Amino acid sequence: MTSIAHIASNVFSPTGALATLTGYEHRPQQETMARAIAEALQNQRHLIVEAPTGIGKTLAYLVPSILYALQGGRKAIVSTHTKNLQDQIFKKDIPLVHAILDKDFRVALLKGRRNYLCTTRLRNTLSSTGSLFEREELEQLNRIREWAVRTTDGDVENLGFIPNSRVWDLVCSEKEVCSSALCKTDCFFQCAKERVRSAHLIIMNHALFFNLLQMHDSDDHFIFEGDFVVFDEAQTLESVATSGLGKTISRNQTLGLIHKLYNSRTKKGLLAKEERSVRSQCREAELEAEQLFDTIRESVLRIALAAFRHPAGVVREVRIRQPYLVANTLTGPLNDLQTVMQHLEESAETDTRKQELTAARRSLWEADVLIREFLEQPEQDFTYWVELGGGRSENLTLCTSPTEIADRIGPKLFRRNTSVIMTSATLTVEGRLNYFKGRIGAGNVEECVLDSPFDHMQQMRLTLTRDIPEPDKRDYAKQLPTRILQNIDRTRGKALVLFTSNALMQSVAKEILDDFEERDLQLLVQGGDTQRHELLEEFKRDIHSVLFGLDSFWMGVDVPGEALEHVIITRLPFAVPNHPLIEARLELIEKHGGNAFMEFTLPEAVLKFRQGVGRLLRSRTDKGWVTILDSRILTKRYGRTFISSIPRCLVEIIAASGETEFLPIDEL
């Protein structure tokens, strides 16, 4: 039998199947990556691949993955971070692989179960609308009923409007009320599970993957055993896994669960037709929930004022270092309500009614557990904090998360007799994968770091500014608008300007708006009423426009061609250590005798810096500038780490006077 490594290598060779496609360019790095992945799969080894933009990494992992799934009888799981990449793989890349391989294979797209409409629950809910919904909610339910006849996948994303959470909660798939034993064959989640069972390749997102990994031994565990996984956009794994292993419960969630049973204002809910004593217990739980979260808010604001000396409303996340922040006055009413519901379940007239009550009671129990765990802080290696709602919002969220995840996910992921493949364009710091591997518990996993297919010496110029004040100096904010304008004039717009501070971004935008109008340039600024994707589309359409962006624009922005010829980074992206989880990680490193700046802060900033720089070149024909308006890259010792982590290119050092000095990057 011909090895899949040999077949994959042939597919990507200069005379292989891929070469028959219009516009094909042979990329040696793509062939190397495909062969390395094929060999890892065939030998049941794990592999981490840094594949810079332009290599064509998606095809490089899809082809060997599908070949191995067909040959070895194992499912291939492809996990991505963004929905955009999920859709691209499913709609664009998979048809291409079908054409290349000329083999019959099945692919399924899978999302979390609450994304899917359960037609059984929909029918049951429609039969008891009077006691559940107000008029506007009933109108939405009817729109969902009409959509249920037309949709082919039952995915809420394709519904056409955002339904009220109370409405969707009663018709979406949920454990105990949506299962193969209870639902008919038209249930969209059960159909999705069937597609997954028969598929050779499953496309999902990281959040769902780690959610399913947590339920490894539960009834929902219908994938993974013997299967293998390819993580694309692997640079986000630590943050997503941390969220997946963490737990949250909010004021609004808790009240929503109680209101699902009975809302004293609308007189609606699952228990609306029960005796007055039952409704009174719901009201008692509601009042206690409001009181508990109000008490938590007061305590948290006192802690914030003492720790940060900020007025209320400025701090959004507050770390809770000691257990028993407040007395738990809610657990009693919630337990009493659960007891009442259990009696109602036992006397329920129909199985449907019993199942809905059981599911609602389970949700109350889970909320009670989460609140108790937050207040008691039983896990020593977890970080606990409260997130306060912005503006006039009374919502607040109790959050818990493991401070480090390497020891928790490493053994689960990197098991024997299977393969985990991880890939991204930005995983290394100074060309090494040590930092990334340490953060996710990858240990001695094999690695492959590929060269970029772009000629950066010809395509990219790095512009550094030596005489601008450091960002923490007062004069920096004063000079920044002028420096941005000077650089924008070099390319007459066509620039993505990346910020790390929203306040500074808005201030600069306001100050230079008139200058943009004089130059007849459009300024697009993140944070207004315009959505991110709309800003990007307008930026692409108006090739002389300038886009000011924050965190979400440092990665996942793909603007090939002349619409983006200049990336301006206003400040090296060091994370401010004011988030409780970052603070706890820094403390843990110091506690173990390490250097928190060198071991965490610096490599995190370098990886984000590389992502920002990577926005510039998206094809072999792109050309442009990357300008850094942070003098620390030249004056601080750690600046060399940033420079040596990006491709070799020509560097110019520009002064405020406009004088320039040109140097190769390795002479800095």
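Reader: How much space lies in the largest cavity?

Author: Rolling a probe the size of a water molecule over the atoms shows where empty space is left. In this predicted model, the largest cavity holds about 40 Å³ of space.

Reader: How many cavities of 30 Å³ or more are there?

Author: The count comes to 1 cavity of 30 Å³ or more.

Reader: Which residues line the largest cavity?

Author: Its lining is made of K247, T248, I249, L370, E373, F374, L398 and T400. By type, the lining residues divide into 4 nonpolar, 2 polar and 2 charged.

Reader: Now the helices. Which residues of helix α5 are buried?

Author: Start with the general idea. An α-helix has 3.6 residues a turn, so residues three or four places apart point the same way. Helix α5 spans residues 119-126. Its buried residues are T119, T120, R121, L122 and T125.

Reader: What covers the buried residues of α5?

Author: The cover includes α6 (135-150), α7 (165-169) and α8 (188-198). It also includes α11 (251-261) and α14 (351-376).

Reader: Why does T627 count as buried?

Author: Look at relative accessibility; under 20% is buried. T627 counts as buried because its relative accessibility is 0%.

Reader: Which residues does T627 touch?

Author: Leave out residues up to four places away in sequence. T627 then touches T463, N487, H566, V567, I568 and I569. With H566 there is a side-chain to side-chain polar contact, at 2.7 Å.

Notes
Residues are numbered from 1 along each chain as its sequence is written. This is a predicted model: local features need pLDDT of at least 70, side-chain atom pairs count only at pLDDT 80 or more; totals for chains, interfaces and linings use all residues. Side-chain values use heavy atoms; hydrogens and water are left out. Buried means under 20% relative accessible area, exposed over 50%, partly exposed in between (1.4 Å probe, protein chains only). Helices (H or I, at least four residues) and strands (E, at least two) are DSSP runs, numbered from the N terminus. Contact means heavy atoms within 4.5 Å. On a 1 Å grid over the protein atoms alone, a cavity is a set of points where a 1.4 Å probe fits but cannot get out, and a pocket is an open set with protein on both sides within 12 Å along at least five of seven lines; lining residues have an atom within 4 Å of a point. Grid points are joined across faces, edges and corners, and a volume is the space filled by probe spheres set on the points. Ala, Val, Leu, Ile, Met, Phe, Trp, Tyr, Cys and Pro count as nonpolar, Asp, Glu, Lys and Arg as charged, and the others, Gly among them, as polar. A polar contact is a pair of N or O atoms within 3.5 Å; within protein, one must be able to donate a hydrogen and the other to accept it, and residues adjacent in sequence count only if both atoms are side-chain atoms.
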